[in-house]
Every structure is written in C-alpha cells, then in structure tokens.
Amino acid sequence: MSTLIEVKDLKRYFPVGRSNFLGRHRIFLRAVDGVSFEIQKSESLGLVGESGSGKTTLGRTIIRLIEPTSGRIIFKNKDETIDIATLKHNELRRQWRHMQMIFQDPYSSLNQRMTVKEIIGESLIANRLASGDELDERVKNIALLCGLKIGQLRRYPHAFSGGQRQRIAIARALIMHPEFIVCDEPVSALDVSIQAQILNLLKDLQQELKLTYLFIAHDLGAVAYACERVAVMYLGRLVEVAVTEKIYYTPKHPYTEALMSSIPPDDPGLPIKKTITGEQPSPINPPTGCPFHPRCKYADDDRCRTEIPELYEVFPGHFVSCHYAESLVLKGALHQEIASGVEGAGKNRVINDLNKRRDKIIISQSK
Amino acid sequence: MEKKILLQVKNLQISWLFDKALIPIVYGVDFNLESGKVLGLVGESACGKSVTALSLLRLLAKELKIVNGEILFWEHNGGETIDITKLESRGKDIRKIRGGLVSMIFQEPMSSFSPLYTIGYQIMEVILLHSEISKKEAQERTIELLNKVGIADARNSFKSYPFEFSGGMRQRAMIAKAISCNPSLLIADEPTTALDVTIQAQILNLMRDMQHEFGTSIIFISHDLGVVGQMADEIAIMYMGKIIERGPTKEIFKNPNHPYTIKLLDAIPRLGNLEARRRLEPIRGSVPGLFNRPHGCTFNDRCDYFMSGICGASFPELKEISENHFVACYLYG
C-alpha cells in the first residue's frame, strides 16, 4: 500500500477578536492545532469527535476549501508529489479534479435552480472536459452507478427525497473520477433505513473505483462500518489513530474510552455504562497541558496539567497522544458484552422465518 | 404491584387540512401507558410520532385536526378521567394539564427557551403558574431543581440567559423545567438528537435517575432504536401514521416480528462483530409521500414478503401474538 495523502503539522486558526481595546494581542480559535496523519491509497479513514472538535475544518482544510494557517498537505498523485497547502489558485483548481467533497446536508448543497443533469455535469463543463453527447453519456453512466434513474435527470432537486439527493451529491463528486473524497457527515441527515443504503453505496463505489475516503462523522456506528482506520479528534488535535477494531475494542486514550462507553449497547438488557462528566472546553481558551485532562479520570499529576502529549506510536500502526498510554488499562465498546457472554444483538435474536409463514398463507389461500 | 393505567389512547386519527381535503397523518393509533413506565415511540421521519405526542397536549398546529379517537388521562389523586380530545385547545382546562400534569421536552433546546428571559425566570414561571407559593419559595425550588439536574453553581445559573448555556446544559435546564411541577407524564420528543454521544449518555442517565426518583411515566420519542432500547420498558414502532408493532423492549429486540421492525434492526451498523463487517441490509425504496399512501398495509411496497391479494386489501389489525406483544401484519394471521 502506498500513501496518498500525508498531512504534516496542519494548523488552522480563526481570528475571533483582540484581547484588549488597543488590540495588542489577537485571540484565535484553534480549530485545527497541529495535526499530522497519513491516508493510504484506497482506504477509508474515519474521523470522529464531538461537535466543535474541528473535524469539519480539518476535512475542508485538506482540500483547501479553507486556507490552512500553516503546515503541509502532501498529495501523491500518480508520479507527482504536490504540496496542496502552497499551490496557487489556478494549479489548485486543476488538482481539485482529483479531490472532491460530499456535504452533510443534501437539502442545501444542491442548487435548486439546476436540473440533476446540470448539477452532475457542471464540473465537466467548467473544466471543458466534455460536451454534447459525450457529456450526456458520462453523466448517465455516473448517475446509473449511483443508483439514480435516467428518467430523473431532467428533474430539479426539490423532487427528490433526502437519500436520493445524497446520491446526486455523490454522483456530482464522482464525475471527475477523483481519487480522494472527503465525506463530511454524509449520512447524518438521513433516516436509518436510507443511511444503510448510502453507506452500502459508498462502500461499493470505493471498491469499484478504488476511491480513498476521509469519512467524517459523529455516528460511531456508521464509522465502524465504513472505515478501516479511525482517527479520534479532540479540541483540534488527534488523540488516537489506529485500525477500527483497535479503536473500538482496545482503545489506548481515555477520551476514546469515554466515547466508546457512550454508545448505547446493542442489547437493551445490558446495564447503562458510566460515562464521562463535563463538556468539551472552548477551543479559544484550551486547557494547559493535555487538552483532555480536566475531564480525564486518570489524570492526576502535574505532567498531564503542564505538558502537551505528542502523538506517538505505542504499537505498530497505533498512535496515541497520552503520557500514560502504555500503562493504562482501558475498556472498549464491547467490554461488558464480552464479559456477559453476549456478542452483539445479532447473536441471540430469534430468527423468524417469515418466508415459511408467507408460503403457508399463500397455499391456504389458493385452496 | 397493581397496574395503574395513566394514559389510554384509542383509535387516534389526525388529519392535515390541505386545500379543503383532509390528508391523514396519524391513522388510528392505540396504546396504553401504565404509571411509572417508559414507552418508546420509534419511527422514521414523517411517521407521525411527533404529531401523536403533540396531540396529547393539544399543541397541534391549526392545520392539523384530531378527527377521531380518544385520549383518556387518569388523574390518580382525584380519580377523575379526562378526555383530552374533548378539551378546548386554548381553554383553561388544558392549560392546567400542560406543564402541570403532563410536560414536554423538545428536541432543540435553543428554540424551546425564550432568549429574552433568564433560565431561572422561565422555570419559576411554570412553578408559579401551577402552584400557590410565593415568588421567593419558587426561586428556592428552582435553584434546588437546577442543582438536581447537575447544573454547577445553580444559584448563579439561575440568572443566566439561554445563550450562555451549552446544548447539554440547556437540555438539563429543560428537564428541570419539565419536572418542576411533578408531572405524572413526561413527553420527551427526541431529547438527545441534537447532542453529542457523550452528552447524550449524560442526559439519558439523568432522565433515568429522575424517572426512578419521581416515578414519572415517560413517552420517549426517537428515531434511534439504540437510545430507546436503553430507556423504554415498552416500544411501539410507527410507520406512516400507524403502530405496526408494540411490545416489551427486550422482546422487540430479541424477537422482532413485523418485517419492518426486522429490517430496521438490520439497518443499524452494529459493533458486535466488526471483523465480519458484513453488508448492511437496507430497506429498499423510501417512505412513500403522504399523497401516495399505498392501499392496504402501508409497508407493502417495500416489504420482501408481499402477498398479492392479501396485503393490498386493508390495513392488518394489531394482533397479540404473545403476552403484550402486538403485531400488525398478515403473516401472523
């Protein structure tokens, strides 16, 4: 496997005001504060965290919808190696062909005055890559791939439900044959039954087109399903990056443990877990030392209060930023379930054979 | 313990007055709620769960009319039975019930507080309206309530405005307001949907503690089966304005019977076996619009077990298939 994107010490500070009337010091909101990670080719990396942790800002900064304050974003495309962070605007436009975005709210991300065909084909026209019959052909192919019907292409977005709108948004992102897609909460505005359709579609497309995803979501279930690796973000910093199973079953950072304990268990019979108290502090005035120490039940010495832990590799491929990652024994999402001998709700569900019932009724009807 | 029925909803039908026609939104809902129990109402958006809840307090918009049915509410101390559907929606009687006997927690904690008054004032207002105590006593009681729901420094928070609170704190204040008059019934409409998972867990724990302490009955509305599973004693699953399955929580999770319930449970990504990472089983299609409600069983166009000549005829009745477990599906006779 080779690396597609390498982010190094990326920062994005938003100016929010001045400290006093004369304005000697500017105050910044540190939305992304020194983040480094890699995304491998054709993998999907999940990015989770509470709201206000900087997930969306990070996702948008990587494709430079938001300008970074500092840091490097190395994009290895075929044989070129480009630093996205320093590109000039016209070069950036050319690179955007390779990186696209799917937004959270399919109701506001589609232009109401354009037909579906215009929405999907717009970037081909803007980049003068196709016109006439070729344009029609390419739009049709992508639309079919995303589960839309050809007859629907002349309609306007208002005629579609949320799930179908998200399919249009996915088709729009795919039309340029990008390699990398930032999915920012792609399913959180959808109903459960539709969520599963869209998650399946994203997965199929990834396998078919060898896509690479950065999958931003606060829904830990969806991320577990969609991603091979997961990065956990807290107050603008990554606190843990590892393979999905490691993050969910054997977390090494106390914040990840807290997140996992907050997931309602699959089985309603299990007791409610104790979770963390308090709320995420403001990124304008983050705590000194480890950003998580005011809520951390393991933090009890000066080191946590004064020294910012760096992200380092505890085990091969498992990165954590905690001073005590090696010595802490933490619980994953399934700890209690495993202890009580239950492995998820699927295991002990009574399997109801509806087909048998159906056949019986149909036979009795025909008599 | 003796079963005491608190609320009985019988054949409730609500329609939307649209262009002089009545479009059915809630299509005959029946359920009972016992004192001290939690009922979970689950369903996708636009299935009528919120409308059902709002109708219990007669808070429906002008265009929405209760066209049929009864909502019977037992007032246990006085022993009186009130039919809420018969009350004047702007009258004195319903106002006594709202916030007093029955109170509600809404999804969006920002828009359910007035930005112009302090949190403390808004909670105190409810207490003063429903009981005859002095302002001073009401203030003390409010501070006590804020303390109880875990708001730090309650005395100062009393004077805070809603914008000074975070989402989680606002929802805590909302709960304080809702329980301020010791209601017999609390309706919680998606109380944690706008919150982060960690805060959601805190609020659920709080609601559970409050429920144990005061013995309040709760109707808990959510689209998230996992959350409802943690809170409810009994679950009712709604689809297009109808309850299609109802039963004890454990029974619904372990032995779902309606094809829609089974599908709904399968569509949720589970953490049980990540290694297998099997494909999710989505429900095909999407919920039909209000204007093209299918004939017969409303789920028939998305159902894998459709039986021609049976499912298209009329809506199946809710049948008891095991103790307290009801299903509305022709597969069960």
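The structure is a predicted model.

Chain A is assigned two domains, domain 1 spanning residues 3–227 and domain 2 spanning residues 237–339. The C-alpha centres of domain 1 and domain 2 of chain A are separated by 28 Å. In the contact between them, domain 1 of chain A contributes 20 residues and domain 2 of chain A contributes 13 residues. About 1400 Å² is buried between domain 1 and domain 2 of chain A, and carbon and sulfur atoms account for 60% of this area. On the side of domain 1 of chain A, the greatest losses of area to domain 2 fall on Asp33(A), Glu50(A) and Leu220(A), which together make up 36% of what that side buries.

Two salt bridges are found across the interface of domain 1 and domain 2 of chain A. Asp33(A), named above for its loss of area, forms a salt bridge with Arg237(A) through their side chains, with an N to O distance of 3.5 Å. Eight residue pairs are in polar contact across the interface of domain 1 and domain 2 of chain A. On the side of domain 1 that touches domain 2, two or more residues each come from strand 2 (26–40), strand 3 (44–48) and helix 7 (220–226) of chain A. Strand 2 of chain A gives the most to this side, with eight residues. By class, the residues on this side of domain 1 of chain A comprise 12 nonpolar, five polar and three charged.

The contact between the two chains involves 56 residues of chain B and 57 residues of chain A. Chain B and chain A bury about 5100 Å² between them, with 58% of that area on carbon and sulfur atoms. On the side of chain B that touches chain A, at least two residues each are supplied by helix 6 (167–179), helix 7 (197–214), helix 8 (225–231), helix 9 (249–254) and helix 10 (259–266) of chain B. Helix 7 of chain B provides the largest share of this side, eight residues. The side of chain B that touches chain A consists of 25 nonpolar, 18 polar and 13 charged residues.

Helix 9 of chain A (residues 254–261) is largely enclosed by the rest of the structure, because eight of its eight residues are buried. Among these buried residues are Pro254(A), Tyr255(A), Glu257(A) and Met260(A). The elements covering the buried residues of helix 9 of chain A include strand 3, helix 7, strand 9 (229–234), strand 10 (237–243) and helix 8 (244–249) of chain A, and also helix 7 of chain B.

Most residues other than glycine have a negative phi. Arg64(A), which is not a glycine, has a positive phi near 60°. Arg64(A) is located in the loop between helix 1 (55–62) and strand 4 (70–77) of chain A, and its relative accessible area of 9% makes Arg64(A) buried. A positive phi of about 50° is likewise found for His177(A), also a residue other than glycine. His177(A) belongs to the loop between helix 5 (162–174) and strand 7 (180–184) of chain A. With a relative accessible area of 53%, His177(A) is exposed.

Terms used
Residues numbered from 1 in each chain as written. Chains lettered and ligands numbered in written order. Predicted model: local features only at pLDDT ≥ 70, side-chain atom pairs only at ≥ 80, totals over all residues. Heavy atoms only, no water. Domains from an automatic or database assignment. Contact = heavy atoms within 4.5 Å. Buried area = accessible area lost by both parts, 1.4 Å probe. Salt bridge = Lys/Arg side-chain N within 4 Å of Asp/Glu carboxyl O. Polar contact = N/O pair within 3.5 Å; in protein donor to acceptor, adjacent residues only side chain to side chain. Helix = DSSP H or I, 4+ residues; strand = E, 2+ residues; numbered from the N terminus. Nonpolar A, V, L, I, M, F, W, Y, C, P; charged D, E, K, R; others polar. Buried < 20%, exposed > 50% of the residue type's maximum accessible area, 1.4 Å probe, protein only.
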